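Subject: Structure handover and notes

Dear colleague,

Here is the structure I promised to pass on.

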Amino acid sequence: YLLYMGHAMDGGRIADNYINGDSLAFGPFGDRTGWVIEGNVFDGDVPGYGPHFGYGINANLGDVVIRDNVIRDMYVGLGQISVVNGEITNNRFENNQYAAVQLWGGEYG
């Protein structure tokens, strides 16, 4: 993973990036509140591997705002996210293999 979200890391922001790799962010152990994920392009068509290779975020996120992103050719869309509160708005999902985003109901946080 490119970004390791440590224990209860609050107030993070992932914005205005072009992300073209196998895994972006992983955040075990505890809640993360106040995160904003906006204006990114998540492109899972990774050179040398093809489409649906990319994997986005695997984390517990509370009060998260996910907006204005393009998520395309990813394996599980934006990723597996355990959400408590928050909003997911104005995102574009294109040709993702398994799902647009896999939401969990906060049971791990």
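What follows is a description of the chain as a whole, then of its sheet, and then of several individual residues.

This is a predicted model, in which local features need pLDDT of at least 70 and side-chain atom pairs count only at pLDDT 80 or more, while totals for chains, interfaces and linings use all residues. Residues are numbered from 1 along each chain as its sequence is written, and side-chain values use heavy atoms, with hydrogens and water left out.

**The chain as a whole**

The secondary structure comes to zero helices and 11 strands, where helices (H or I, at least four residues) and strands (E, at least two) are DSSP runs numbered from the N terminus. The radius of gyration is 13 Å, close to the 13 Å that the globule rule gives for 109 residues, so the chain is as compact as a globular protein of that length; this radius is taken over C-alpha atoms, and the rule is 2.2 Å times the number of residues to the power 0.38. Along its principal axes the C-alpha trace spans about 35 × 25 × 25 Å.

Of the 109 residues, 44% are buried, a word used here for under 20% relative accessible area, with exposed standing for over 50% and partly exposed for what lies in between (1.4 Å probe, protein chains only). The chain exposes about 5,500 Å², and carbon and sulfur atoms supply 50% of that area, as computed by the Shrake-Rupley method with a 1.4 Å probe, where for residues only the protein chains shown count as cover. Among the contacts (heavy atoms within 4.5 Å) with a separation of 6 or more, 45% are between residues 24 or more positions apart.

**The sheet**

Four strands form an open sheet with parallel pairing, in the order E3-E6-E8-E10; two strands count as paired if DSSP finds at least two bridges between them. Strand E3 (18-19) and E10 stand at the edges with a single partner strand each, so one side of each is left without a neighbour in the sheet. Strand E6 (residues 41-43) pairs with E8 in the parallel sense over three bridges, and valine 41 has valine 70 in E8 as its bridge partner.

**Aromatic pairs**

A search of the whole structure finds two aromatic pairs, the criterion being that rings of Phe, Tyr and Trp (its six-membered ring) have their centres within 6.5 Å, with planes under 30 degrees apart called stacked, over 60 edge-to-face and the rest tilted. Tyrosine 49 and phenylalanine 53 form a stacked pair, 4.2 Å centre to centre and with 15° between the planes; tyrosine 49 is exposed at 58% relative accessible area, whereas phenylalanine 53 is partly exposed at 33%.

Tyrosine 75 and tyrosine 98 form a stacked pair at 6.2 Å centre to centre, with 15° between the planes. Tyrosine 75 lies in the loop between strand E8 (70-72) and strand E9 (79-89), and tyrosine 98 in the loop between strand E10 (92-94) and strand E11 (102-104), so the pair ties together parts that are 23 residues apart in sequence. Tyrosine 75 is partly exposed at 36%, and tyrosine 98 is exposed at 53%.

Asparagine 91 lies in the loop between E9 and E10 and is buried, with a relative accessible area of 16%. Its side chain makes polar contacts (pairs of N or O atoms within 3.5 Å; within protein, one must be able to donate a hydrogen and the other to accept it, and residues adjacent in sequence count only if both atoms are side-chain atoms). One reaches the backbone nitrogen of asparagine 69 at 3.0 Å, and another involves the backbone oxygen of threonine 89, at 3.0 Å from a polar atom of the asparagine 91 side chain. Leaving aside neighbours within four places in sequence, asparagine 91 is in contact with Ile66, Arg67, Asp68, Asn69 and Ile71.

Glutamate 87, in strand E9, is partly exposed at 36% relative accessibility. Not counting residues up to four places away in sequence, glutamate 87 touches Val64, Val65, Ile66 and Arg67.

**Two aspartates with positive phi**

Aspartate 16, which is not a glycine, has a positive phi near 60°; this residue lies in the loop between strand E2 (13-15) and E3 and is exposed at 61%. Aspartate 68 has a positive phi of about 55°, although it is not a glycine; its place is in the loop between strand E7 (55-67) and E8, where aspartate 68 is partly exposed at 40%.

Best regards
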